[in-house]
Amino acid sequence: VCHGERGEGRAEHFVPRLSGQHYAYLLREGALIRDGHRHNAHPDMVRAIGPYTDEDHAAVSDYISRLPTSAP
């Protein structure tokens with residue numbers, strides 16, 4: 001929800017775009033957030049992905065990396 005329906009982000013609220021990001025980047029940054037190593041992560045994001053298993057996280061990162069950067 002925070003990053004938009006298509007992962008487009010919300011610049012006016014400093015929420016980054018996720019669509020079109022590289023899988024490895026999403027996997028790395030998401031793991032840092034999930035595991036509490038990225039200290040500038042929004043608490044809602046930490047709560048949202050905290051329960052993800054490695055497999056969940058990989059699947060979500062794969063899906064997000066394939067989202068188009070513009071509306072269809």
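Guide: Residues count from 1 along each chain as its sequence is written, and side-chain values use heavy atoms, with hydrogens and water left out. Since the model is predicted, local features need pLDDT of at least 70 and side-chain atom pairs count only at 80 or more, while totals for chains, interfaces and linings use all residues.

Visitor: Why is Arg 34 called buried?

Guide: Buried means under 20% relative accessible area, with a 1.4 Å probe and protein chains only. Arg 34 comes in at 15%, so it counts as buried.

Visitor: What is Arg 34 in contact with, leaving aside its neighbours within four places in sequence?

Guide: Contact means heavy atoms within 4.5 Å. Ile 49, Gly 50, Tyr 52, Thr 53, Asp 54 and His 57 are in contact with Arg 34.

Visitor: What makes the link between Arg 34 and Asp 35 a polar contact?

Guide: The term needs a pair of N or O atoms within 3.5 Å, one able to donate a hydrogen and the other to accept it; for residues adjacent in sequence, both must be side-chain atoms. Here the side chains are joined at 2.9 Å, so the pair qualifies.

Visitor: And Glu 29, buried or exposed?

Guide: Glu 29 has 15% relative accessibility, so buried again. Its side chain also makes a polar contact of 3.0 Å with the side chain of Arg 28.

Visitor: Which classes make up the lining of the largest pocket?

Guide: There are 18 nonpolar, 10 polar and 6 charged residues.

Methods: Ala, Val, Leu, Ile, Met, Phe, Trp, Tyr, Cys and Pro count as nonpolar, Asp, Glu, Lys and Arg as charged, and the others, Gly among them, as polar. Buried means under 20% relative accessible area, exposed over 50%, partly exposed in between (1.4 Å probe, protein chains only).
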